[in-house]
Amino acid sequence: MKGWLLQHRQASAQAFRRLASTPLNTLLGALVLGIALALPAGGEMLLANFQRLAQRIAATPQISVFMALDATKKEVAEVESRLRKHPGTREVKLVPREETLRRLKESEGLGEVIESLPRNPFPDAFVVVPGDESPAALEAMRSEFAGYPRVEHVQLDSAWVKKLDALLRLARLAVGLLAVVLGVALVAVTFNTIRLQILTQAEEVEVSRLLGATDAYIRRPFYYFGALQGLAGGAVAWLAVLGATLLLRLPVGELASLYGIDFSLHILPLSDSILLFALAAWLGWAGAWLSLIRHLSEN
Amino acid sequence: MIRFEKVGKRYPGGIAALSALDLAIETGEMIVLSGHSGAGKSTLLKLIPAVERPSEGAVIVNGQNVAALKRAAIPFLRRNIGMVFQDQKLLFDRNAFDNVMLPLAIAGVATRDAGRRVRAALDKVGLLDRERAMPVALSGGEQQRLAIARAVVARPSILIADEPTAHLDDGTAADIAAMFHAFNQVGVTVLVATHHEALFAPYMTRRIGLSRGRLAA
């Protein structure tokens with residue numbers, strides 16, 4: 001066990017030395033891998049932020065209940081009391097048609113148009129905040145409220161959240177596909193790097209075999225080399241995404257505030273960062289593995 | 001301890017390097033292999049650490065038939081055999097100390113222990129004060145001594161050398177021959193293929209002549 005650990009330490013040290021002996025190549029290799037990985041990692045960062053934003057906005061879904069235009073005050077009051085007694089509602093707010101008309105009259109540009117209308121075109125309405133926010137419960141309430149007397153229309157304000165959710169799922173799939181394609185590229189780059197390494201180290205490999213090195217001993221430094229290069233690529237990608245996040249944070253925050261949303265871009269979550277590094281190292285290792293199978297002679 | 005039984009070796013192209021060779025070498029012998037170029041000396045030496053495999057027959061080393069050894073077992077055979085090559089096969093990207101360290105690193109010897117053994121081996125070949133030198137900065141004789149240090153550092157029971165004194169001046173070559181004698185004196189079985197028979201004559205227990213792949217008188 002001790003000897004095994006020692007050999008791994010030696011192999012990793014050797015891989016470090018080989019990487020350090022050609023700093024320019026190492027740097028360029030890390031940049032190529034890093035840029036390839038930065039695309040899906042950056043996409044993941046944006047997605048994670050969007051999802052956070054979507055969750056916050058969608059956190060208070062509302063149901064708008066519109067009465068018929070000719071509903072009497074008594075009928076409206078009846079529906080109001082039914083809504084208030086309903087176990088699924090948390091908050092019910094009546095928006096009288098007179099108030100809607102007054103508000104719109106005050107609004108810039110629309111006032112004159114409203115003024116010219118012969119009668120109030122707006123119905124009485126309720127804004128209902130449901131207690132249970134699950135899509136199934138919302139849907140059930142929507143159809144139940146629609147059945148109340150003199151209720152003309154029920155609008156579920158969470159419909160667009162569903163659309164956003166579907167869009168996010170699609171985006172996530174696209175990021176995943178991008179990650180797969182660029183992961184294959186990473187394996188191919190490492191494959192080639194290790195091929196060149198094997199050529200460069202041909203003499204050392206030959207001498208080591210004559211001195212009694214096992215296949216595992218010969219291969220170990222190459223595995224470490226591939227994994228370390230992948231890891232370096234992962235680090236470059238992580239830094240690139242971090243840089244982009246910090247650069248975008250201010251303008252995105254300003255844009256959000258124009259829409260009245262308090263939002264700031266977060267850096268890549270820890271779990272995604274760990275995944276990025278682990279995946280980069282593993283792909284480098286896999287590239288080395290394929291290259292060793294193909295290029296390391298058996299003699 | 002090393003036995004060749006009806007060993008034949010043909011290289012691709014049909015040239016027979018060795019044919020029907022029978023030979024027994026006892027532990028502690030110091031053998032000089034002589035013969036013209038192409039007589040089969042190098043091939044014979046390469047069969048012992050399974051660098052080459054015989055086309056027919058058996059090569060028994062320490063009771064094991066090397067000819068039938070599985071690939072995975074070969075490294076462990078080689079760790080018990082020190083090899084000195086005509087072209088030394090030193091690694092020029094590391095200093096003398098690290099070159100001699102290589103066999104111990106391969107065998108997984110703990111670092112501190114290994115350092116002590118590397119210095120002992122360098123001391124035996126008179127290179128202790130050059131441990132930081134890169135091989136390229138060493139003379140031909142020093143390089144060959146370094147190669148010998150690397151061959152013996154793992155304390156093999158067999159030491160084989162293919163033309164270890166080629167390209168060396170007479171004085172240096174005589175030093176090398178004496179060094180092999182010193183290792184033989186402590187019980188290492190030594191096989192040397194050489195054109196400089198006279199250098200090794202005072203130390204050898206036996207001379208084996210080869211001619212066209214067969215034993216010669």
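Let's start in chain B, where strand E4 and strand E5 (residues 64-65) pair in the antiparallel sense over two bridges. Two strands count as paired if DSSP finds at least two bridges between them. Strands (E, at least two residues) and helices (H or I, at least four) are DSSP runs, numbered from the N terminus. In this pair, B:Ile60 has B:Asn65 of E5(B) as its bridge partner. E4(B) and E5(B) make a hairpin with two residues between them. In the turn, B:Asn62 has a positive phi of about 50 degrees.

A word on the source. This is a predicted model, where local features need pLDDT of at least 70 and side-chain atom pairs count only at pLDDT 80 or more, while totals for chains, interfaces and linings use all residues. Residues are numbered from 1 along each chain as its sequence is written, chains are lettered from A and ligands numbered from 1 in the order in which they are written, and side-chain values use heavy atoms, with hydrogens and water left out.

Back to E4(B), residues 56-61. This strand also pairs with strand E1 (residues 2-10) of chain B, antiparallel, over five bridges.

In soluble globular proteins, nonpolar side chains tend to be buried together. The largest nonpolar core here has 38 residues. By nonpolar core I mean a set of buried Ala, Val, Leu, Ile, Met, Phe, Trp, Tyr and Cys residues joined through side-chain atoms within 4.5 Å. Buried means under 20% relative accessible area, exposed means over 50%, and partly exposed is in between, using a 1.4 Å probe and protein chains only. Among the residues with the most contacts inside this core are B:Val100, B:Leu122, B:Leu159 and B:Phe180. Elements giving two or more residues to the core include strand E3 (30-34), helix H4 (111-124) and helix H6 (170-185) of chain B. There is also a second, separate core of 31 residues, which includes B:Leu21, B:Leu45, B:Leu77 and B:Ala193.

Take B:Leu159. Leaving aside neighbours within four places in sequence, what is B:Leu159 in contact with? Contact means heavy atoms within 4.5 Å. Its partners include B:Gly82, B:Met83, B:Ala151, B:Phe180, B:Phe183 and B:Leu191.

Next, helix H3 of chain B, residues 96-107. Why is H3(B) described as largely enclosed by the rest of the structure? Because 10 of the 12 residues of H3(B) are buried. Among them are B:Phe97, B:Asn99, B:Val100, B:Met101 and B:Pro103. At the N-terminal end, B:Asn95 is the cap, with a side-chain oxygen 3.2 Å from the backbone nitrogen of B:Phe97. Just after the helix, B:Gly108 takes a positive phi of about 75 degrees.

Two residues in chain B have a positive phi without being glycine. B:Gln88 is at about 60 degrees, in the loop between strand E6 (81-84) and H3(B). B:Arg212 is at about 50 degrees, between strand E9 (206-211) and strand E10 (214-216) of chain B. Buried or exposed? B:Gln88 is buried, with a relative accessible area of 14%. B:Arg212 counts as exposed, at 73% relative accessibility.

On to chain A. It is divided into domain 1 (2-57 + 162-295) and domain 2 (63-157), with bounds from an automatic or database domain assignment. Their C-alpha centres lie 54 Å apart.

Chain A has an open sheet of four strands, in the order E2-E3-E1-E4, with antiparallel pairing. Strands E2 (89-95) and E4 (151-156) are the edges, each pairing on one side only. From one strand to the next, the twist averages 20 degrees. Helix H3 (residues 73-85) of chain A packs on the sheet, touching E1, E2, E3 and E4. The direction of H3(A) makes about 160 degrees with that of E2(A). Helix H6 (residues 135-146) of chain A also packs on the sheet, and its direction makes about 170 degrees with that of E4(A). Axes here are lines fitted to C-alpha atoms, for helices over the stretch in contact, and angles run from 0 to 180 degrees between N-to-C directions. Inside the sheet, E1(A) and E4(A) pair over five bridges, and A:Met67 stands opposite A:Val151.

Last stop: A:Asn120, in the loop between helix H5 (111-115) and E3 of chain A. A:Asn120 is buried, at 13% relative accessible area. Its side chain reaches the backbone nitrogen of A:Phe122 at 2.9 Å.

How values were computed: Polar contact = N/O pair within 3.5 Å; in protein donor to acceptor, adjacent residues only side chain to side chain.
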